[in-house]
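My notes follow the order in which I checked things.

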Amino acid sequence: MATKPPQDDFEGEDAPATPGLDVGRLGDLLGFHLRMAHVAIYRDFAETMEELALTQKQLAVMELVAGNPGASQIDLANTLGTDRATMMALVNRLAARDLIERRPSAADRRRQELHLTKAGRAMLARARELIDKHEQRFVELFSRDELDALLTALKRIYKGN
């Protein structure tokens with residue numbers, strides 16, 4: 001059985017509603033269905049990443065650092081919508097595993113730039129292989145048009161437009 005990622009990255013995920021229960025008004029609530037979809041994706045992600053012991057947020061940090069070498073913890077926190085203390089804990093965990101490193105900025109010595117290490121690049125390459133399989137399990141549930149519409153709708157929720 002898969003182990004859960006560290007609790008500092010996400011709250012523990014609750015089991016889905018017991019089969020056979022009438023969900024009542026919940027069945028009409030967008031938030032309920034988003035939560036249930038999130039739980040399904042979260043669980044599959046945790047099982048998929050178990051061998052690498054990476055959480056969703058840790059992988060997101062690694063992807064952002066890979067795409068934005070030299071970004072700061074504050075940059076990442078702002079992008080992921082998390083607080084600075086949570087981001088510091090995430091970066092500390094990844095640094096302790098030698099997956100990312102902090103370097104002083106040449107422009108501003110007070111600023112710490114983040115970079116993937118050699119081990120981090122190798123870990124990210126393996127994680128991407130696993131993520132592609134994880135994503136495919138959910139993407140294949142939709143036609144291309146349905147997936148495009150779903151992504152557009154979800155972005156509208158969190159971007160507000």
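The entries below go from the overall fold to single residues and pairs.

**Ground rules.** I am working from a predicted model, in which local features need pLDDT of at least 70, side-chain atom pairs count only at pLDDT 80 or more, and totals for chains, interfaces and linings use all residues. I number residues from 1 along each chain as its sequence is written, and the side-chain values use heavy atoms, with hydrogens and water left out.

**Confidence.** I looked up the pLDDT, which is the predictor's confidence in each residue, from 0 to 100, and found a mean of 89 for the protein, with 88% of its residues at 70 or more. Over residues 1–12 the pLDDT is below 50, and beyond near neighbours in sequence this stretch has 20 contacts in the model, a contact being heavy atoms within 4.5 Å.

**Fold.** I listed six helices and two strands, taken as DSSP runs numbered from the N terminus (helices H or I, at least four residues; strands E, at least two). Along the sequence they follow the pattern α-α-α-α-β-β-α-α. Among contacts between residues at least 6 apart in sequence, 59% join residues at least 24 apart.

**Burial.** I noted that 30% of the 161 residues are buried, where buried means under 20% relative accessible area, exposed over 50%, and partly exposed in between (1.4 Å probe, protein chains only).

**Helix α2.** I checked the length of α2 (residues 56–67): its twelve residues should span 16 Å at 1.5 Å a residue, and the end C-alpha atoms are 16 Å apart, which agrees; the expected span is 1.5 Å times one less than the number of residues. Its buried residues are Q56, K57, Q58, L59, V61, M62, L64 and V65, and they pack against α1 (30–49), α3 (73–80), α4 (84–96), β2 (112–116) and α5 (118–139).

**Core.** I then asked which members of the largest nonpolar core touch the most others. Of its 25 residues, these are M49, L54, M62 and L76, with a core defined as a set of buried Ala, Val, Leu, Ile, Met, Phe, Trp, Tyr and Cys residues joined through side-chain atoms within 4.5 Å. Helices α1, α2, α3, α4 and α5 and strand β2 each supply at least two residues of this core. Leaving out residues up to four places away in sequence, L76 touches V61, L64, V65, A71, M87 and L114.

**Helix α6.** I found L147 in helix α6 (residues 144–159), where L147 counts as buried at 10% relative accessibility. Apart from neighbours within four places in sequence, L147 is in contact with V139 and F142.

**Salt bridges.** I recorded eight salt bridges, each a side-chain nitrogen of Lys or Arg within 4 Å of a carboxyl oxygen of Asp or Glu. R137 and D44 meet in one of them (2.8 Å, N to O), and this pair links distant parts of the chain, R137 in α5 and D44 in α1, 93 residues apart. R137 counts as partly exposed at 37% relative accessibility, whereas D44 is buried, at 15%. D75 and R111 form another (2.9 Å, N to O); D75 lies in α3 and R111 in the loop between β1 (100–104) and β2, so the pair ties together parts 36 residues apart in sequence.
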